[in-house]
Amino acid sequence: MSLRAAYRVESVPRISTLTRVRLRPLTSLTPTISTATTSLWRRNHFWRSPALTTPPSYCSRLTNYSSLTSVPRTSPLEKARSTTLSKTPLRHCSYRRHNMCRLAGDIEHTGGAAPDPTQGRELLPTNVIPTHYDVTLEPNFDKFTFEGKVLIDFDVKDETKSISLHTIDLDIHGAHIKSGDNVISSSSAITYDKSKQISKIELKDAVPTGKTQLEIKFSGQLNDQMAGFYRSTYKKPDGSEGVLATTQMEANDCRRAFPCFDEPMHKAKFTITLVADKHLTCLSNMDVASESEVYSEMSGSTKKAVKFNPTPLMSTYLVAFIIGELNYIETKKFRVPIRVYAPPSSDIEHGRFSLDLAARTLEYYEKIFGADFPLPKMDMVAIPDFAAGAMENWGLITYRVVDLMLDEKASGAAMKERVAEVVQHELAHQWFGNLVTMDWWEGLWLNEGFATLMSWLSCNYFYPEWKVWENYVTDNLQSALGLDSLRSSHPIEVPVKRASEVDQIFDAISYSKGSCVLRMISTYLGEDVFLDGVRRYIKKHAYGNTRTEDLWAALEEASGKPVKEIMSIWTKNVGFPVVQVTENAAESTIQVKQNRFLRTGDTKPEEDQVLYPVFLGLRSKDGVEESLTLTKREDVFKVKNLDFFKLNANHTSIYRTSYTPERLTKLGQSAKDGLLTVEDRAGMIADAGALAVSGYQKTSGVLNLLKGFDTEESFVVWSEIIARVATVQSAWVFEDKSVKNGLEAFVKDLISERAHKLGWNFSDKDGHVEQQFKSMLFGAAGMAGDQVIIAASKEMFNKYMDGDKSAIHPNIRGSVFSMALKYGGKEEYNKVLNFFRTSSNSDERNTALRCIGRSKEPALIKSTLDLVLSSEVKSQDLYLPASGLRSHAEGIEALFTWMTEKWPEITKRLSGNAPILGSMVTICTSSFAKPEQLQRVEEFFKDIDTKSFAQPLAQSKDAIRSKISWLERDHDDVAAWVKENGYGGSS
């Protein structure tokens with residue numbers, strides 16, 4: 001499943017010029033601040049930049065169809081095999097911080113021994129095992145209900161007088177044990193356990209071992225919670241409202257659509273029949289087997305019954321069906337037909353980019369995975385109301401409209417990249433998750449980590465000019481590090497005990513850290529060997545369920561290396577290390593020491609028990625030394641020449657590096673001298689920034705480091721520079737105005753000259769990366785007060801709102817809107833609001849919603865908050881206008897007050913969608929930075945049942961504590977730096 005910002009809030013503010021949102025889930029939880037036109041970029045976006053040098057392997061298609069790695073790495077136990085690529089490697093990591101994680105059955109993840117994940121799980125009895133479901137459903141679009149019948153084939157393992165199944169909000173009207181058309185036994189009683197979401201059907205007669213059938217008739221609500229079998233609305237071309245019925249089953253919502261064994265280990269075949277009006281399109285996972293006329297008792301009219309062929313063996317969370325008015329386009333460039341569907345509210349031709357990319361991507365995946373896509377067709381459908389970014393239902397992938405439909409005239413380069421990544425992520429799931437499925441939810445990372453990594457791999461294959469691997473350090477790695485720096489993080493393999501916990505682990509640990517670990521395995525084994533192991537894994541476990549150990553076994557078989565022994569340390573434990581480096585010039589050695597990294601810098605001994613196998617990756621003028629591995633607490637290594645060295649070359653290992661201030665200064669000069677790659681430079685800046693937050697370094701030292709990058713030429717590096725200053729600004733958002741103004745002046749001084757040099761006019765000659773570079777600098781400089789850019793933006797805004805839609809290039813539409821709102825007033829606010837109300841393009845509407853919170857005037861803040869819960873904003877988009885308010889202190893305070901006043905309404909609106917509720921809690925709390933603000937948060941939630949959003953709430957409080965500690969340490973340090981460097985502003 002592709003997660004968008006509904007499930008996560010940016011930790012490092014990013015530039016809000018674009019409307020593209022990353023797959024990444026909730027990360028490290030710092031607010032978007034007013035300078036940050038960066039707020040959408042890293043967490044929510046995906047950008048690439050030019051490299052110092054472009055390795056040939058990044059620019060040409062490889063005969064072995066892959067480019068996962070570029071430098072061989074070393075096992076902690078033996079020398080790694082060489083990979084097929086020999087140039088610049090990449091980086092993956094994870095990073096963490098403050099409160100105990102009590103997500104999984106109140107187990108504390110403290111950095112000690114990992115608990116047994118199988119203990120205490122709430123599972124259905126296994127005395128009966130489902131093998132086939134025959135499901136018939138008929139929705140009522142007037143009453144928003146549906147009628148259903150399911151006939152389930154069972155293998156009865158032990159004689160039983162009861163059968164338990166999962167249900168939510170379903171009324172069971174009758175249940176019978178059948179043999180053909182004969183009723184063998186009927187239900188004597190049906191009881192329901194609400195907390196476990198289980199209906200227990202007591203039977204009059206015992207069912208013997210062997211095979212049997214259970215028929216259940218039921219009805220349910222066609223809800224508006226974007227879960228189970230639900231309704232989605234859209235505006236038709238004539239202005240009237242259209243309704244379609246669709247599904248979202250992951251993680252535990254198939255039980256809302258029909259009674260079932262809603263656990264991933266219970267794979268079965270599914271035959272779906274949909275009863276609907278004749279003019280409506282009916283879709284499901286498989287192709288159509290038959291279509292016939294039937295009399296509908298529900299409507300008293302003749303309808304069509306569309307029966308689909310049985311699916312292969314699969315888990316319930318992958319079942320999907322859709323009924324509605326849909327248009328489509330089709331390609332036959334792949335072995336099986338591929339279609340893109342959308343309701344009449346969308347221009348179906350805007351699905352052409354995704355359609356063509358899907359055909360190429362499926363062919364590519366078949367080659368590198370060594371297994372054919374096994375279904376007879378692939379449909380991809382744009383859904384107007386959709387909680388995630390997309391969902392990988394086998395053969396019927398569903399998407400948010402904005403993540404499938406691309407109008408290249410109205411959307412910028414980052415949006416195109418977003419769509420490509422989402423499409424390729426979901427198609428990778430057709431193998432990882434669908435064909436081979438984790439047996440329980442602590443193996444979620446096997447699905448999401450693989451799909452995330454493969455989306456980068458395939459994106460690089462088809463679009464080498466996007467240079468995606470360079471950006472891996474600032475995007476995927478930092479997403480993982482941001483969340484994993486919190487005490488309230490969790491292991492990659494997190495124990496999950498009950499259904500209510502599952503949604504809270506769809507986060508940057510499962511997605512980003514999971515993919516980073518997989519990439520680290522690939523570099524350790526060598527790319528060809530890694531992919532050979534992957535093919536073995538798929539072949540052996542096709543149509544089955546697996547655990548992490550099954551992947552390790554396949555990789556060990558392919559490589560002959562002790563993969564499980566090494567990699568289990570990374571997946572079963574929470575956190576990652578910081579490696580501190582000291583130098584001994586007399587002996588030409590370095591001493592390195594590892595400790596668990598927490599963002600608050602207050603790691604306790606009991607939290608620091610795990611020793612990781614750390615691939616040091618020592619870069620010197622002679623190249624990269626791959627054989628150095630830290631396997632104990634601390635060690636000493638010989639370095640040939642201490643004039644220049646850097647650990648974690650290209651940031652391909654999962655750790656932060658803490659250097660002395662003198663070494664950091666030297667590395668800054670090395671960057672100018674061309675001795676460091678793009679990945680090295682961006683990763684070094686990211687590490688320095690994170691270490692300042694945690695107290696390993698002074699913030700003034702980081703600001704000096706950033707100031708020294710004034711000659712930098714890389715988009716990726718500049719994105720990290722801007723992000724790190726924005727992180728400081730977000731923590732200082734409630735501090736003295738003179739310091740805040742000084743930091744803003746620093747940003748302007750840092751980037752304005754380059755922004756003017758690159759300009760903000762776009763042409764067909766601009767490369768993909770150059771477009772995003774221009775956009776980022778334009779937005780950041782303007783939001784930092786560059787008067788030339790502000791004036792140009794104002795002129796563009798006025799022309800655009802007067803009807804000249806060519807006045808603003810899509811790449812900078814968000815920045816122009818943000819500047820209009822920050823520096824304007826009610827007139828500009830109303831124009832942006834009207835633009836949202838009148839545009840029919842999802843990307844444009846999202847831009848308006850995302851920016852509208854930039855206005856600071858009290859009356860306009862109130863208008864924005866009134867908009868959030870209004871009928872004008874879909875539940876899937878509530879986070880957009882709310883997030884914009886986090887860009888200034890006034891909005892942050894107003895958000896929390898609004899949440900406390902509107903809590904009953906918020907929880908009612910989002911009662912069926914805990915992830916979005918958790919995201920809203922994060923948005924409304926995590927931007928605080930003072931002790932009294934943290935106390936207000938704790939006071940408000942102390943008597944509220946928080947179990948459905950315990951993780952995001954804990955992470956928010958951790959983020960606040962981190963900022964409190966940071967400010968206590970470096971408040972005066974930053975104020976002095978601002979003054980000494982001539983950036984002091986009026987107070």
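A crossing of two helices is right-handed if the near helix is turned clockwise from the far one by less than a right angle. In this predicted model, helix H9 passes helix H10 in such a right-handed crossing. H9 covers residues 527-541, and H10 covers residues 548-559. Two packed helices are described by the angle between their axes and the distance between the axes. For H9 and H10 the angle is about 130 degrees, and the axes lie 8 Å apart. The two helices are therefore oblique to each other.

The contact of H9 with H10 draws on both helices. H9 contributes Val529, Phe530, Asp532, Gly533, Val534, Arg536, Tyr537 and His541. H10 meets them with Asp550, Leu551, Ala554, Leu555, Glu557, Ala558 and Ser559. Of these contact residues, eight are nonpolar, three are polar and four are charged.

Helix H26 spans residues 931-941, and helix H27 spans residues 950-980. They pack at an angle of about 165 degrees, with axes 9 Å apart. Angles over 145 degrees count as roughly antiparallel, so H26 is roughly antiparallel to H27. The crossing of H26 and H27 is left-handed. On the H26 side, the contact is made by Pro931, Leu934, Val937, Glu938 and Phe941. On the H27 side, the partners are Leu953, Lys957, Ile960, Arg961 and Ile964. This contact holds seven nonpolar residues, no polar ones and three charged ones.

The protein has 27 helices and 31 strands.

The largest nonpolar core has 302 residues. Helix H4, residues 444-462, supplies the largest share of this core, with twelve residues. Phe258 and Met454 have the most contacts inside the core. The surroundings of Phe258 can be listed, leaving aside neighbours within four places in sequence. Phe258 is then in contact with Tyr133, Val135, Val150, His166 and Leu170, among others. Phe218, Phe270, Val319 and Phe321 are also in contact with Phe258.

Backbone geometry was considered next. Most residues other than glycine have a negative phi, and most peptide bonds are trans. The peptide bond from Glu250 to Ala251 is cis, with omega near 5 degrees. Ala251 lies in the loop between strand S10 (241-248) and strand S11 (269-276).

Positive phi values occur at Asn650 and at His651. Phi is near 60 degrees for Asn650 and near 55 degrees for His651. Neither residue is glycine. Asn650 lies in the loop between strand S30 (634-638) and strand S31 (656-658). His651 lies in the loop between S30 and S31 as well. Residues under 20% relative accessible area count as buried. Asn650 is therefore buried, at 0% relative accessibility. His651 is buried too, at 1%.

His651 can also be placed relative to Gly617. The two residues are 34 apart along the chain, and their C-alpha atoms are separated by 8.4 Å. Gly617 lies in the loop between strand S26 (614-615) and strand S27 (618-620). With a relative accessible area of 1%, Gly617 is buried.

Two further sites were described by their contacts. Asn127 lies in the loop between strand S1 (96-97) and strand S2 (128-140). At 18% relative accessibility, Asn127 counts as buried, because the cut-off for buried is under 20%.

Ser292 is found in strand S13, residues 288-296. At 37% relative accessibility, Ser292 counts as partly exposed. Leaving aside neighbours within four places in sequence, Ser292 is in contact with Lys303, Lys304 and Ala305. Ser292 and Lys303 are eleven residues apart along the chain. Their C-alpha atoms are separated by 8.4 Å.

Notes
Residues numbered from 1 in each chain as written. Predicted model: local features only at pLDDT ≥ 70, side-chain atom pairs only at ≥ 80, totals over all residues. Heavy atoms only, no water. Axes fitted to C-alpha atoms, helices over the stretch in contact; angles between N-to-C directions. Helix = DSSP H or I, 4+ residues; strand = E, 2+ residues; numbered from the N terminus. Parallel < 35°, antiparallel > 145°, perpendicular 65-115°, else oblique. Contact = heavy atoms within 4.5 Å. Nonpolar A, V, L, I, M, F, W, Y, C, P; charged D, E, K, R; others polar. Core = buried A, V, L, I, M, F, W, Y, C linked by side-chain atoms within 4.5 Å. Buried < 20%, exposed > 50% of the residue type's maximum accessible area, 1.4 Å probe, protein only.
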